[in-house]
Amino acid sequence: MLELLLCSMLTIFPDYLYRRYVQGKRIGQEITLYSMWYELRWGISACLILTVSLITMIFYFHPSTKAVTAVFRTVTILPEASGRVDEVFVGVNEKVAAGAPLFSLDDSQQKAAFETASRQIAEVEAEAKVAQTELASMDGQIQEAEGALRVAEDELEMKTQLLKNDAVARREVVRLTNTVEGRKGSLSAALAKKQTLETKLSVLLPAQKASAEAARAEAQVELDKTIVRAGISGTVQQFTLRPGDVLNTMLRPAGILVPSEAGRGTLIAGFGQIEAQVMKPGMVAEAVCVGKPFTIIPLVVTDVQDVIAAGQLRPTDQLVDVQQMAKPGTLTVFLQPLFDGGLADVPPGSSCIANAYTNNHDALADPNISTPRWMFLHVVDTVGVVHAMILRIQAMLLPVQTLVFAGH
């Protein structure tokens, strides 16, 4: 309507002035309801052409969309393992800080596993003390074997000397030789057993203790999982757990945690695909939100998604007909407030209306720009005022449309 009124002031109104004051035709006489088209045909035709051109220019170079939302992500409250609820620490719609406990599951099995691992560590430590005692006793056995070996060797040496003088029987010397060999074997066995105990103390038992400690740490991790904590500060929603409820990681979550800063810093808008060549990061934009009427929020385009979500394809066991994706998608654009606190009072999830404005300041500052292009870019920047006026009219009428004409 604004575009039509503006164009009529430049086309129909001058045509009427020409007919009235130059040709002398009067309304109600020569210019009637029936002769209006013939008398003002040039102005009406030019008005329609100019209106369509102006609307096309405005909506192309200064795109608008009603698909704008303060999108926010929620965090599902879910334990890492299934179990029965033992205790609940928070209530519905309660604000929690990051790391605060929300509820706990029955931990009897995890405590038993932790106690078992702790007992295994104590058992390995006790076995190490026993091995140290055995190692000390082995030193005594080695000394005893060494002493017995020396006695046998001395006796063998003495009997060998006597054998030369035929003072003893050869059989006695053979027996003592066998005794010496037996004592050497006993000494070697004692030394080997000592080495085994040393290896057990230095390698085997530390490895067993490390395994037991790892098992205890694993049991501690599983025990800690029974207390579910908030991963981020926010508000607990749809949280109706009671002691005795059974939670399943796949089928039954505990509730939803809405982060404190969710949806308060960015608006996500869906513009038409035809504006893909116009929408650029850095463009100035404005928005009015249902959750904050009568207020124009200055914004800036921070990012433009380089793909259209409607064309995505996921492999399945059936061929996809392209006709199923014939419905055009929108160009996803991220908008952030131009000034700090611009979206402070906008509730997350609010629906908004947004305009983006093409800025040709840098192109107009080029000294080599041609005159026709200079005039065209000036016109493009100027007609953005019309769209800004429309947005402000929408901001004023938004409560009326919502509360009166929407069935309230």
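**Close-up 1. Lys-111 and its salt-bridge partner.** Lys-111 is partly exposed, since its relative accessibility is 47% (buried means under 20% relative accessible area, exposed over 50%, partly exposed in between, with a 1.4 Å probe and protein chains only). Its side chain makes a salt bridge with Asp-107, with 3.7 Å between the closest N and O atoms; the term stands for a side-chain nitrogen of Lys or Arg within 4 Å of a carboxyl oxygen of Asp or Glu. This is a predicted model, so local features need pLDDT of at least 70 and side-chain atom pairs count only at pLDDT 80 or more, while totals for chains, interfaces and linings use all residues. Residues are numbered from 1 along each chain as its sequence is written, and side-chain values use heavy atoms, with hydrogens and water left out.

**Close-up 2. Glu-125 and Lys-209 link two helices.** Here the two side chains meet in a salt bridge, at 3.3 Å from N to O. Glu-125 sits in helix α5 (residues 108-164) and Lys-209 in helix α6, so the pair ties together parts that are 84 residues apart in sequence. Helices (H or I, at least four residues) and strands (E, at least two) are DSSP runs, numbered from the N terminus. Glu-125 is partly exposed at 36% relative accessibility, and Lys-209 is partly exposed too, with a relative accessible area of 28%.

Close-up 3. Within it, the side chains of Glu-80 and Lys-225 come to 3.5 Å, N to O. Glu-80 is in the loop between β2 (75-77) and β3 (83-88), and Lys-225 is in the loop between α6 (170-224) and β6, so this pair ties together parts that are 145 residues apart in sequence. Glu-80 is exposed, with a relative accessible area of 60%, whereas Lys-225 is partly exposed at 28%. The salt-bridge count comes to 7. Side chains of opposite charge can pair when their charged atoms come close.

**Close-up 4. The open sheet β6-β5-β3-β8.** Four strands in that order make up this open sheet, and the pairing is antiparallel; two strands pair if DSSP finds at least two bridges between them. At the edges are β6 (227-229) and β8 (246-247), each of which pairs on one side only. Strand β5 (residues 101-105) pairs with β6 over 3 bridges, and Phe-103 has Val-228 in β6 as its bridge partner. Another 3 bridges join β5 to β3, again antiparallel, with Glu-87 partnering Ser-104 in β5. Between β3 and β8 there are 2 bridges, and Gly-83 stands opposite Leu-247 in β8.

**Close-up 5. The open sheet β2-β9-β7-β4.** This one is also an open sheet of 4 strands with antiparallel pairing. Its edge strands are β2 and β4 (95-96), each pairing on one side only. Strand β9 (residues 255-259) runs antiparallel to β2, and 3 bridges join the two. Look for Thr-76, which stands opposite Ile-256 in β9.

**Close-up 6. Thr-65 and its backbone contacts.** Thr-65 belongs to strand β1 (residues 64-69) and counts as buried at 9% relative accessibility. Its side chain reaches the backbone nitrogen of Ala-67 at 3.0 Å. A polar atom of the Thr-65 side chain also lies 2.8 Å from the backbone oxygen of Gly-270.

Close-up 7. Met-9, Leu-10, Phe-13, Leu-17, Tyr-21 and Leu-50 make a nonpolar surface patch of about 620 Å². Such patches are made of residues with over 30% relative accessible area and no salt bridge, with nonpolar side chains (Val, Leu, Ile, Met, Phe, Trp, Tyr) joined within 5 Å and like charges within 9 Å. Accessible areas come from the Shrake-Rupley method with a 1.4 Å probe, and for residues only the protein chains shown count as cover. Helices α1 (2-10) and α2 (12-22) are the elements that give two or more residues to the patch, and α2 gives the most, with 3. Tyr-21 is in α2 and counts as exposed at 62% relative accessibility.

Close-up 8. An unreviewed UniProt entry lists residues 42-61 as "transmembrane region"; positions follow the numbering used here, feature names are shortened, and annotations may be inferred rather than shown by experiment. In the model the span is 100% helix and 0% strand, and its end C-alpha atoms lie 28 Å apart.

Note on methods
A polar contact is a pair of N or O atoms within 3.5 Å; within protein, one must be able to donate a hydrogen and the other to accept it, and residues adjacent in sequence count only if both atoms are side-chain atoms.
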